[in-house]
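Please read the following briefing alongside the sequence and the coordinates.

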Amino acid sequence: MNTLGRRSVLRASLGLATGAALARPYIANAAAKTATVWWVQGFAQEEDVAFRQLVAEYEKASANTIDYSVVPYAPLRQKIVSAITSGSVPDLIPSTPAEAYVLFAWDDKLVDVSDVVATQKHEYSETALLSASCYNRIEKTRSYYGIPFTSASLPNHIWRPLVEKAGFKMEDIPKTWDAYYDFFKDVQKKLRAQGERKVYGLGLQVTTNGNDPNNVFNYFLIAYGGVGIVTKDGRLHLDDPQVRDAAIKAMTYPTTAYKDGFVPPGAVNWNDADDNNAFHARQIVMDLDGTISTEVAIIKDREDYDNIVTMGLPLSNDGKPVPAQVANGIAMIPKGAKNPDVAKDFLKYLIQPQVSNDYLKAGLGRNIPAMPSIAKNDPWWSADPHRKAYVEQGLLGPTVPEFFVYNPAYAQARNEHVWSVGWNDIMQGGMTPQAAAEKAFKRVEEIFAKYPIVQS
Amino acid sequence: MASASVIGFSSPAVARRIAPWRYLQGGLKGSEYNWAIAFLVPYVAVFLTFVVYPAFYGLWMGSDPSLYTELFSDPIYQSTVVNTLLFIGIAVNLKMFCALLMSGFFMRRGWWVKALLMIYVLPWAVPALPTFISIHWMLNGEWGLLNNAIYQIFNVDGPSWLNSRWFALGSAIYSHIWKWMPFWTVILLAGRMAIPQELYDAAKVDGASGWRQFVHINFPLLANLYLICTLLSTIFTLGDFNSVFFISGGGPANSTHVLATLGIRDAFDLAKPRLGVAAVMSALPLMIPVVIVLMRKLRTAEVQL
Amino acid sequence: MAFGVLVVVWTLLPLYNMVMVALESHGDVFTDAIWPPHPSFASFWIVVTEGYWYLEFFWHQFGNSLYVGAAVTILTLLIGSLASFSIGRMRIRYGWLVSNAALLTYVIPASFLAIPFYRIMQNYGLANNLWSVIFAEVTFATPYGIFIFSQYGRSIPIELDESARIDGASPIQIYFHIYLPMMAPALVAVGTYALLLAWNEYLYQFLLLSSKRSMTVPVALAQFLNSDEAPWNYMMATAIVYALPPLAIYYAFRGRMTAGLTMGGVKG
């Protein structure tokens with residue numbers, strides 16, 4: 001274990017201890033019970049330590065016990081599906097992957113948690129509240145089925161040294177969408193002229209594996225004016241000419257960049273980690289990737305850490321701010337849980353702003369809060385330039401929730417990678433953006449037809 | 001061809017003693033019958049508890065006809081089936097054929113052959129997860145070991161191994177063969193070693209050389225084993241998830257999925273486990289004939305010489 | 001001779017990549033090099049001293065893997081040989097039904113059975129318990145064992161059993177004093193197969209084991225896939241350390257193993 005690890009552990013313990021002491025008075029349950037919790041393993045050790053501390057503090061405050069396991073992401077995902085299918089479920093699980101909870105809520109497999117949300121409703125951002133609300137097809141109504149406890153969005157990560165090596169300064173980067181990304185094409189040209197054979201300007205994940213491509217597509221879609229593709233009532237609006245237009249543009253820009261040689265050829269079949277590998281190997285100048293894990297992963301290498309610039313989104317092509325699409329980390333209680341009350345109790349404890357703040361800070365801030373006041377009140381969140389930019393983008397600036405919170409059909413479209421397949425049709429299949437978009441639209445419409453939402 | 005039994009029995013006295021035991025075949029007396037049952041019970045218990053019960057549960061999961069409508073309407077189902085057939089057809093046959101050749105190679109004498117065999121077996125012995133990830137990195141078009149080596153030796157850029165459907169499928173087939181060829185080679189090698197030396201000596205006396213030896217000695221004796229191994233391998237390969245998943249991820253653009261990976265993707269990525277079961281069950285029309293042939297072969301086959 | 005070189009290159013290429021990554025430092029992993037630029041054994045040291053967060057309980061998990069491997073091997077050999085003895089030597093009526101049914105285990109791919117298995121293990125109260133994995137592996141290893149035992153057993157003359165029977169030996173005595181000793185090479189072959197199966201399997205280990213203390217090394221390796229940013233050099237080093245025991249066992253038993261797979265035995 002390295003010194004940094006020990007220090008952060010110490011910090012975490014002190015932080016949580018203080019937090020617990022200063023937290024608003026917490027009323028314990030009369031009868032002490034045990035809840036089974038599966039939690040997802042963090043990206044850094046500190047996140048797991050923070051969770052352990054959180055549980056310890058809760059147990060002290062409430063006299064309940066939490067029997068928890070910290071499980072790696074991929075196995076947890078499989079376990080959750082197996083558990084919910086087979087009916088033997090724990091009391092509390094984080095939605096793994098992010099969209100799992102809307103699909104489970106759709107099938108009436110989750111416990112309603114409106115009472116938990118009510119305790120902190122005023123603290124939550126509007127986006128977080130929208131994220132927590134899902135449609136239940138059995139009850140034919142929307143309600144709160146998940147508890148948001150983190151936020152995540154996609155900042156741009158850029159290697160300053162590469163930009164400077166090309167003869168530019170960070171200040172030269174244009175402010176509007178297309179010009180912003182075109183800039184990196186120039187960087188690539190200049191670097192290639194200097195003999196850097198292997199560098200590419202744009203690290204756009206034009207693959208069909210993992211979640212990155214879905215997020216990147218959505219961001220481009222929103223930037224070009226397609227944020228209305230799915231509205232709060234769950235309706236799909238592909239018939240809206242503005243949305244159609246935006247979608248076609250979102251199909252066009254990345255694929256044209258790829259065909260023109262500004263995106264690594266291997267991107268077409270990147271898996272989840274490959275874009276990060278490419279970024280760390282300095283093969284790409286920029287990466288539009290979720291959270292600041294890219295930076296946090298090399299936090300020990302101070303020089304490189306400082307060399308990465310984290311930036312929010314540029315303005316749209318007509319100069320307007322582009323809202324960042326935010327995915328909230330959601331905790332859910334499956335139906336059939338033996339101790340849902342204890343689980344709810346634990347959640348109520350967790351989402352108190354002070355407790356939440358300490359928990360997230362101990363996790364090195366890789367996940368940002370779902371409550372704006374936390375970031376506003378604690379200067380720690382703006383102390384580090386990476387964190388500051390990320391918080392500005394994902395919490396304090398204009399945000400919209402994921403499309404799948406309005407209608408789970410979009411979750412299926414994501415998992416089928418409908419849009420990325422469209423990209424592939426253009427890059428390798430020779431289709432025109434128009435044709436590929438039409439094909440994608442057709443499939444999306446087919447999927448939406450399977451998820452009828454009765455408007456009450 | 002006379003079957004050469006290892007120990008010849010010609011004495012009538014022994015033959016008389018054999019008869020009663022055979023007569024009791026299937027009709028073991030008294031306590032012996034109880035013993036026989038007792039010996040069988042552990043496996044039957046395991047089988048019922050851990051195969052029959054889950055299998056029925058799984059079959060129940062996959063029994064809804066609407067699942068199959070949904071499955072067939074998935075845009076990638078057709079290409080997945082094609083991939084599966086190609087994958088099985090090429091991987092199994094190429095692998096078994098090469099295993100046959102390699103088993104011939106390893107019959108040679110010499111310490112260096114034995115040393116080579118030790119190395120050769122490594123792919124099977126080392127866990128799949130890290131080796132397949134290693135292959136995935138190795139085949140990366142931009143910074144993978146293979147293309148780096150090609151560039152250093154030939155000064156040209158190697159192709160992107162994982163970028164197109166056919167290259168990626170080929171890479172997955174390569175990985176499968178890499179991992180499993182040693183296993184089948186060892187089995188076929190054992191089969192070859194079972195051929196008594198006398199047959200070879202007799203053939204040499206008759207003046208038969210390498211090729212004729214193969215045709216008249218090796219082939220007939222190995223054919224049955226080869227066929228059984230091929231059938232078994234077909235079954236195993238249908239369930240081979242790792243080779244495709246870690247190498248190509250089913251990509252690019254879901255074009256290299258096979259039924260095994262499609263099943264897992266439907267079950268866990270789409271959170272529709274019943275659909276995943278249906279995907280795998282849709283392979284039954286192919287599997288059942290294979291299993292029937294295999295069982296017949298095993299029942300009647302005298303793999304022994 | 002050239003052919004030998006070809007075989008070595010074919011076999012070792014991916015393994016060399018693994019070793020190369022294990023010897024490199026984090027920053028060097030995805031570069032142009034075909035030799036590690038600054039090779040060091042630091043990653044191996046981290047694995048062995050449990051110096052990294054994911055590897056916190058490495059030796060405990062290694063012990064779990066050993067436990068599972070040993071249990072699977074012993075149970076497979078025991079259950080498989082008993083069943084094979086009953087079917088092949090004692091020729092119980094309808095025995096062929098059982099051995100054919102055993103093969104049906106393989107018709108159903110393991111991935112298909114995963115979710116039902118999970119449910120069943122919950123029902124039996126074996127959730128997060130190493131025994132759930134052990135039973136799963138035994139289920140998949142035994143049919144192959146029965147197959148090998150029955151093939152190999154054909155080369156052992158039934159007359160031996162008979163003479164013993166006529167001399168008054170009970171079946172269990174025949175099993176222990178005649179069958180097992182003569183089957184030794186087949187036992188080694190099947191035992192090695194079962195051990196390797198259990199050692200390298202991970203789908204069921206992922207699904208059935210959740211806590212750090214009950215995990216086995218393959219699940220620990222899965223942690224590295226948790227994030228986009230894992231230290232790949234540690235992962236490969238872990239994999240290499242993990243691969244050593246089965247290699248050692250295979251090396252020790254390789255002679256017997258080939259003999260065991262020989263159907264019919266070689267005399268001279």
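**Interface of chains B and C**

In this predicted model, 78 residues of chain B are in contact with 81 residues of chain C, contact meaning that the C-beta atoms of two residues, placed from the backbone, lie within 7 Å. On the side of chain B that touches chain C, helix 2 (residues 30-61) of chain B gives the largest share, 17 residues, where helices (H or I, at least four residues) and strands (E, at least two) are DSSP runs numbered from the N terminus.

Residues are numbered from 1 along each chain as its sequence is written, and chains are lettered from A in the order in which they are written. Because the model is predicted, local features need pLDDT of at least 70, whereas totals for chains and interfaces use all residues.

**Confidence in chain B**

- The mean pLDDT (the predictor's confidence in each residue, from 0 to 100) of chain B is 80, and 87% of its residues reach 70 or more.
- Confidence in chain B is lowest in helix 1 (residues 12-23), at a mean of 45, and highest in helix 4 (residues 77-105), at 92.

**Backbone features**

- The peptide bond from A:Thr96 to A:Pro97 is cis, with omega near -5°, and A:Pro97 lies in the loop between strand 3 (93-94) and helix 4 (100-106) of chain A.
- A:Leu364, in the loop between helix 15 (353-362) and helix 16 (372-377) of chain A, is a residue other than glycine with a positive phi, near 65°.
- B:Asn254, in the loop between helix 12 (242-247) and helix 13 (259-269) of chain B, is a residue other than glycine with a positive phi, near 55°.

Key: Predicted model: local features only at pLDDT ≥ 70, side-chain atom pairs only at ≥ 80, totals over all residues.
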